[in-house]
Amino acid sequence: MPVRRSGTSGAIGLTATALWFALGSWWALPLTLLLGYMLAFLFTAEHETAHRTAFRTHILNDFVGHIAGWLILLPYEYYRLYHWDHHRYTQNPEKDPELSFALPTSRLGLLWYWSGLPFWWGRMRLLVNHGVLGKVTAPWIAERKRGEIVAEARKYLAVYALAIALSVLLQSWILVWLWIVPVMVGQLFLRPYLMAEHTGCLHTANMLENTRTTYTNGFVRFFAWNMPFHAEHHAYPAVPFHALPRLNHELDNHIVHIERGYPAATVTTVRYVVALMPSSQEQHG
């Protein structure tokens, strides 16, 4: 599927160019939102390359994965190890790394969660711990891999430092307006999308029970690399992204959690999270 692979980078390039020329006008706002959406959803590009199913060779998967990882502050090799355990222990409260980040316990906390700021803070702290302090403690990273994770974080930090130094030297704000601001704004779209994947699903080992598939439009599927077919992906993680719609035809009747669109999925997950909040439990106690 070369259209998707090249189309993602092409769309980002065109939107970034349009935004640069629109700065100072009202067009900058919708273009920032659009570019932010695309940049934030580079997470799904990193995800697909982490499975090494986006391209035919490991080298190309890893190269694109590192670019995406650098842009969203999520080191690629670290994410591959994290994600492996997520697939291995999906919805296991004790072993799934995704469940190590607690759900919000208040409505204000839910807004904070959606802002993406706690995730950005966590990623920066991770880079400092790995790259500056050389400290790797995550249980999903084997002892033999920790040196590699430290080296990776230091390379990422070095490139960040170079980008900042060049921006200061050239007195340019291009990275701020075309990268930092949009990618942070884009979290407002990415967080509800990611919450829909497993939140409120059953805590079982059956991937068709513990993962949600969300039927959505072509725009979302394009930039999410077909990952809204998420139960299908978890059931058969070696199936490449472009084959997931066909796999859906085989599995649709067996998937427990299905939503028609992300507005509906967001309502479902928010109700689930709110029901777990202490205030809600007291009202029903």
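Biologist: In which helix is A196 found?

Modeller: A196 sits in helix α10, residues 187-198; helices here are DSSP runs of H or I with at least four residues, numbered from the N terminus. The model is predicted, so local features need pLDDT of at least 70 and side-chain atom pairs 80 or more, whereas totals for chains, interfaces and linings use all residues. Residues are numbered from 1 along each chain as its sequence is written, and side-chain values use heavy atoms, without hydrogens or water.

Biologist: Is A196 buried or exposed?

Modeller: A196 is buried, because its relative accessible area is 1% (buried means under 20%, with a 1.4 Å probe and protein chains only).

Biologist: Which residues does A196 touch beyond four places away in sequence?

Modeller: With contact taken as heavy atoms within 4.5 Å, A196 touches R212, T214, Y262, A265 and T269. By contrast, A196 and I72 lie 124 residues apart in sequence and 20 Å apart in space, C-alpha to C-alpha.

Biologist: Which residues touch the most other members of the largest nonpolar core?

Modeller: In soluble globular proteins, nonpolar side chains tend to be buried together. A core joins buried Ala, Val, Leu, Ile, Met, Phe, Trp, Tyr and Cys residues through side-chain atoms within 4.5 Å. In the largest one, of 65 residues, Y78, I141 and Y193 touch the most other members. Helix α2 (residues 28-40) supplies the largest share of this core, seven residues. Beyond four places in sequence, I141 touches Y78, L81, V136, R146 and I149.

Definitions and conventions: Buried means under 20% relative accessible area, exposed over 50%, partly exposed in between (1.4 Å probe, protein chains only). Helices (H or I, at least four residues) and strands (E, at least two) are DSSP runs, numbered from the N terminus.
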